[in-house]
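Open the model in your viewer and keep the sequence beside it. The stops below say what to select and what is there.

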Amino acid sequence: MDSLIRRGLEDIKPYEPGRPISLVEKELGITKAIKLASNESPYGPFPEVIEAMKAELSNLNRYPDGGSTFLREKIAEKLDVPLKNIMVGHGSNELLRLIANVLLNPEDEAVAASPSFIVYPTVVKLMNAKLIEVPLKAHRHDLQAMSDAITKRTKIVFICNPNNPTGTIVTKGEVDSFMESIPDKVVVVFDEAYYELVRDESYPSGLDYINGKNPVVVLRTFSKVHGLAGCRVGYGIAPDFIVEAVNKVREPFNVNSVGQAAAIRSLDCEDKVEERSRLNYEGLRYLYSEFERLGLKYIPSHANFVLVDIGVNDRLASKELMKRGVIVRSGDIFGYPNYLRVTVGTPDENARFIAELEGVRKTLLEGALR
Ligand SMILES: *Cc1c(COP(=O)(O)O)cnc(C)c1O
């Protein structure tokens with residue numbers, strides 16, 4: 001019966017999400033597990049956002065506003081971008097897929113860094129198009145090599161900034177030269193899921209390039225610092241021709257009404273977002289100092305996660321950590337064997353991760369000596 005499935009899906013691997021806390025607790029018969037695996041905010045939605053969501057519940061007999069008008073207006077106003085250039089999606093993941101849907105013919109190519117966000121290969125292969133993967137250089141996008149990888153067939157370049165899984169950024173200067181070097185018709189997609197968390201002066205906003213010679217799409221999300229991953233709301237700023245094409249193929253009610261209400265309210269919480277960004281930065285500093293104390297190398301990050309070289313098998317270590325109620329991602333799935341990718345949690349969660357990591361490393365190192 002496999003032959004009934006459309007050609008081209010053989011190469012696509014299902015996305016493997018971080019395991020939800022409740023499932024892990026049930027399977028292992030444990031309680032008080034913590035999840036530092038999916039780069040979510042360790043804090044819930046802001047209190048006023050929860051109120052806005054509650055107020056929406058009694059209207060759930062109605063379809064949502066299919067055009068997400070108030071949310072798009074709010075984003076347009078906040079970013080000072082025309083309303084017609086704003087699109088919203090069921091997370092920015094949906095927008096990535098829609099962009100591929102409307103741009104890629106089977107003979108087309110897209111360019112992305114590797115390792116980078118695992119959704120890019122999926123959406124490109126879904127269209128039977130070809131993804132050219134350009135290795136990171138010193139854990140960062142090699143924009144020169146990515147520019148060199150562009151051919152006549154290239155339609156899209158994905159720039160994941162900060163990059164997931166490494167947390168590294170490309171600078172304004174680097175992006176400026178890159179944008180100058182590429183042919184006019186290439187669409188550049190800046191995936192800025194962690195935008196609000198970056199505290200480095202040299203970090204560019206993709207919005208700096210929307211009026212340049214190339215079509216540019218900037219993607220952001222409510223899933224990370226806003227603490228609304230479960231609501232599935234992301235947004236994009238894109239040229240008219242892309243927004244219009246996306247509107248033809250997207251699901252008519254792609255963002256639910258609770259999500260729209262939450263996102264609208266959350267956009268007003270700038271001070272609280274800034275506070276969380278600062279807390280995240282402090283969390284990173286804490287993790288770095290503990291890694292240094294343990295003699296572990298890590299890749300300095302601009303996001304809410306960090307890759308750390310734990311010097312023991314990452315699959316075994318993440319399994320062992322899971323048994324102790326700490327859910328993290330093993331680095332091998334991202335091409336970083338012996339690393340863990342850990343999301344910054346609350347101060348208590350970070351301390352618990354470090355304590356359990358010390359225990360797990362001790363066990364695994366002793367096991368290796370035996
Ligand atoms: C988390 C993440 C997203 C956001 O996905 P949503 O669908 O908005 O939840 C997008 N891009 C990258 C690189 C991410 O890490």
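In which loop is His139 found? His139 is in the loop between E4 and helix H6 (143-148); helices (H or I, at least four residues) and strands (E, at least two) are DSSP runs, numbered from the N terminus. Although His139 is not a glycine, its phi is positive, about 70°.

The model is predicted: local features need pLDDT of at least 70, side-chain atom pairs count only at pLDDT 80 or more, and totals for chains, interfaces and linings use all residues. Residues are numbered from 1 along each chain as its sequence is written, and side-chain values use heavy atoms, with hydrogens and water left out.

**The sheet**

Select the strands next. An open sheet of 7 strands runs in the order E2-E8-E7-E6-E5-E3-E4, with mixed pairing; two strands pair if DSSP finds at least two bridges between them. Strand E2 (86-89) and strand E4 (130-135) are at the edges with a single partner strand each, so one side of each has no neighbour in the sheet. From one strand to the next the twist averages 20°.

Now show E2 with strand E8 (residues 234-237): the two run antiparallel and are joined by 4 bridges. Opposite Gly89 stands Gly234 in E8.

**The helices on the sheet**

Select helix H4 (residues 91-103). H4 lies across E2, strand E5 (154-160), strand E6 (187-191), strand E7 (216-221) and E8, at about 155° to E7. Axes are lines fitted to C-alpha atoms, for helices over the stretch in contact (heavy atoms within 4.5 Å), and angles run from 0 to 180 degrees between N-to-C directions. Helix H5 (residues 119-126) also packs on the sheet, where H5 touches strand E3 (109-114), E4, E5 and E6.

**The ligand**

Select the ligand. A polar side-chain atom of Thr221 lies 2.6 Å from a ligand oxygen atom, and an N or O atom in the side chain of Arg232 is 2.7 Å from an oxygen atom of the ligand.

**Two cis bonds**

Finish in the loop between E5 and helix H7 (172-181), where Pro162 is found. The peptide bond from Asn161 to Pro162 is cis, with omega near 0°. Another cis peptide bond joins Asn164 and Pro165, with omega about 25°.

Terms used: A polar contact is a pair of N or O atoms within 3.5 Å; within protein, one must be able to donate a hydrogen and the other to accept it, and residues adjacent in sequence count only if both atoms are side-chain atoms.
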